[in-house]
Amino acid sequence: MNFCSHCGQTVRFVIPEGDDRPRYLCDDCSTIHYQNPRIVAGTLPVCGSRVLLCRRAIAPREGYWTLPAGFMENGETTPDAARRETREEACAEVALSGLYTMIDLPHINQVFMIFLAELDGGYAAGPESLEVALFEEHEVPWDELAFPTIERTLRHFFEDRASATFPLHISDITPDQRRRFFGSA
């Protein structure tokens, strides 16, 4: 950030008085510009013993498989965002069962919130997907998953399915864990 969005003057990156971390500060109008993490909301759509995955048609990780998920928009709830992303990426309607994984990625300022969901009807590739398919556990393209958050969510699901209990899983992804997917954090 170079300029204040309130008055247009130059900002500087400093720790404001009474704060504990650097922020963009406008000395002209005294506005402190806070930057907060982005929420990625999505679903783990289930149909019988299979899960629905989308092959990405967009960067990053174009061509890799993911769950239908994306950035939350202003004015929507996380469940609404998860359902919208599922409609956009998989042309699918789902019934949410509840929040299933919440994964923090503090090094890239994101929080992933994935809801367990039951697929309600058909599906097709949306504009951000090359293809969409249902997979049994042994068919999941584990080496072609787009993100560590997706792998972690799927592994939780298949482990939890054995006991038919699906608790909320809260964790974080470190830069080293992310490096396996991207080569660098």
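Modeller: Helices (H or I, at least four residues) and strands (E, at least two) are DSSP runs, numbered from the N terminus. This is a predicted model, where local features need pLDDT of at least 70 and side-chain atom pairs count only at pLDDT 80 or more, while totals for chains, interfaces and linings use all residues. Residues are numbered from 1 along each chain as its sequence is written, and side-chain values use heavy atoms, with hydrogens and water left out.

Colleague: Thanks! How many salt bridges are there?

Modeller: Side chains of opposite charge can pair when their charged atoms come close. A salt bridge here is a side-chain nitrogen of Lys or Arg within 4 Å of a carboxyl oxygen of Asp or Glu. With that rule, the number of salt bridges is 13.

Colleague: Which residue forms a salt bridge with Arg 179?

Modeller: An α-helix has 3.6 residues a turn, so residues three or four places apart point the same way. The closest N and O atoms are 2.1 Å apart, and the partner is Asp 176.

Colleague: Is Asp 176 buried or exposed?

Modeller: Buried means under 20% relative accessible area, exposed over 50%, and partly exposed in between (1.4 Å probe, protein chains only). Arg 179, at 35%, is partly exposed. Because its own relative accessible area is 57%, Asp 176 is exposed.

Colleague: How many residues apart in sequence are the parts that Glu 144 and Arg 55 tie together?

Modeller: The side chains of Glu 144 and Arg 55 form a salt bridge, 3.6 Å from N to O. Glu 144 sits in the loop between β10 (129-135) and α2 (148-161), whereas Arg 55 belongs to strand β5 (residues 50-56), so the separation in sequence is 89 residues.

Colleague: How many residues of α2 are buried?

Modeller: The end C-alpha atoms of α2 are 20 Å apart, which agrees with the 20 Å that its 14 residues should span at 1.5 Å a residue; the expected span is 1.5 Å times one less than the number of residues. Leu 154, Phe 157 and Phe 158 are among the buried ones. The helix α2 is largely enclosed by the rest of the structure, because of its 14 residues the buried ones number 10.

Colleague: Which cysteine has the sulfur nearest to that of Cys 4?

Modeller: Cys 4 is in no disulfide, and the nearest cysteine sulfur is 3.7 Å away. Cys 4 counts as buried because its relative accessibility is 5%. That nearest sulfur belongs to Cys 29.

Terms used:
Disulfide = S-S within 2.5 Å.
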